Amino acid sequence: MKLRLGALALLACAGGAFAQPATPPTPDSLVAAAKRLAGTDFAGSFARICVAPDNLTARTPGAGRGAATAPRPTPDRATWYAKPYKVFDNLYWVGTRIHNSWALKTSKGIIIIDTLYDYAVEPEIVNGLKALKLDPKQIKYVIISHAHGDHDQGTALLQSRFGARVVMGAPDWDSTLARPATATGGVPTRGASDISVGPEGAQLVLGDTTVNIVFTPGHTVGTLSLIFPVKDHGRPLTVAYSGGTAFNFPRVAQNFQIYEDSQKKIAAAAAAAGATVLLSNHTEFDGAWDRVRAAQVPRAKGEPHPFEVGAAAIGRYFEMTADCAQAQRLSMQ
Ligand SMILES: [Zn+2]
């Protein structure tokens, strides 16, 4: 009996330990927490931003992916080309093995989310839609998650050829319009029917579909993340689309704070919307290159869609990205 009481006392003590005020986080404790949150399913994002992030070295921030204007040779097609796939009832993948582009089909036309490098827009998006029996002339809107070449170089072509309206974060529109006319892929024009999204966000309604656009600066100053509905064999699901991930912005504490705040903002929006599907714009972050193909395989009754990670995992994901940003910010103090 005494022993039993002792065990209870020990339990009570252990329980009490959790009630102690948490010790202030350190870069190391935050990276360790982020590693736990990432698990094995989000290891790609964790590696990219918590392990030697891109802006750790003195290399010009934003150079690589950010520079949309520098001419570069087209990489060997065998390294990037991917077949297009129907992934949900109303969502089609027209990306490369490295970058995602999605076609969201509505009752009044198609919304393209991100447009890849210039060399990929024709084979992947234009020809991909045709292969999927979708008409590229039905592209009504192009949403650019952020103005880096790997996501926006195809925009000018879709705008000029099909009359698509372009949706971008207002600051990213400004940096896009500052590009020289000779920029790779050309420069989209901002007309009265195009949309500049400010800090308040926006709702894009096309036919039966509403895309909730959440302003999430950090990766770029005008990064946009999205919440939108899809259907899986008639079952409605909600997608959270993370618009920018890597730390290739100038290494300034305030930038990490802005990034961290945005991760909390999109996490809250995703939770409020009941999002259970996580998409990103790089296949290394959301496993799209594997998942789009897994989605082609028949599933057992009740088996979730390969992209359906659940609300808890989405919470884990954005807590991880926020922790990685906070770790970098604290490491600079
Ligand atoms: Zn980027």
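Asp232, Arg235, Arg299 and Glu308 are linked in a network of salt bridges, a salt bridge being a side-chain nitrogen of Lys or Arg within 4 Å of a carboxyl oxygen of Asp or Glu. Before going on: this is a predicted model, where local features need pLDDT of at least 70 and side-chain atom pairs count only at pLDDT 80 or more, while totals for chains, interfaces and linings use all residues. Residues are numbered from 1 along each chain as its sequence is written, and side-chain values use heavy atoms, with hydrogens and water left out.

### The salt bridges

Searching the whole structure turns up 12 salt bridges. Here are some of the pairs.

| Pair | Closest N and O atoms |
|---|---|
| Arg161 and Glu122 | 2.9 Å |
| Asp152 and Arg179 | 2.8 Å |
| Arg293 and Asp290 | 3.2 Å |

Take Arg161 and Glu122, joined by a salt bridge. Arg161 belongs to helix H7 (residues 155-162) and Glu122 to helix H5 (residues 118-131), so this pair ties together parts that are 39 residues apart in sequence. Helices (H or I, at least four residues) and strands (E, at least two) are DSSP runs, numbered from the N terminus. As for accessibility, buried means under 20% relative accessible area, exposed over 50%, and partly exposed in between (1.4 Å probe, protein chains only). Arg161 is partly exposed at 42%, and Glu122 is partly exposed at 28%.

The salt bridge of Asp152 with Arg179 sits out of the way: Asp152 is buried at 4%, and Arg179 counts as buried at 13%. Asp152 is in helix H6 (residues 149-152), and Arg179 is in the loop between helix H8 (170-177) and strand S7 (195-197), so the pair ties together parts that are 27 residues apart in sequence.

Arg293 and Asp290 are three residues apart in helix H11 (residues 288-294), or about one helical turn. Arg293 is partly exposed at 32%, whereas Asp290 is exposed at 53%.

### The sheet

Now for the strands. Five of them form an open sheet with mixed pairing, in the order S8-S9-S10-S11-S12; two strands pair if DSSP finds at least two bridges between them. Strand S8 (202-206) and strand S12 (277-280) are the edges, each pairing on one side only. On average, neighbouring strands here are turned by 25 degrees against each other, direction ignored. Strand S11 (residues 235-242) runs parallel to S12, and four bridges join them. Val239 stands opposite Val277 in S12.

### Helices on the sheet and on each other

H9 lies across strand S9 (209-215), strand S10 (224-232) and S11, running at about 25 degrees to S10. H12 also packs on the sheet, where it touches S11 and S12, and its direction makes about 35 degrees with that of S12. Contact means heavy atoms within 4.5 Å. Axes are lines fitted to C-alpha atoms, for helices over the stretch in contact, and angles run from 0 to 180 degrees between N-to-C directions.

How do the two helices meet? Helix H9 (residues 253-273) and helix H12 (residues 311-331) pack at about 170 degrees, with axes 8 Å apart. That makes H9 roughly antiparallel to H12, a label for angles over 145 degrees. Among the residues in contact are Phe256, Tyr259 and Ile266 of H9 and Ile314, Phe318 and Arg329 of H12. By class, this contact has 10 nonpolar, five polar and two charged residues. Here Ala, Val, Leu, Ile, Met, Phe, Trp, Tyr, Cys and Pro count as nonpolar, Asp, Glu, Lys and Arg as charged, and the others, Gly among them, as polar.

Methods
Parallel < 35°, antiparallel > 145°, perpendicular 65-115°, else oblique.
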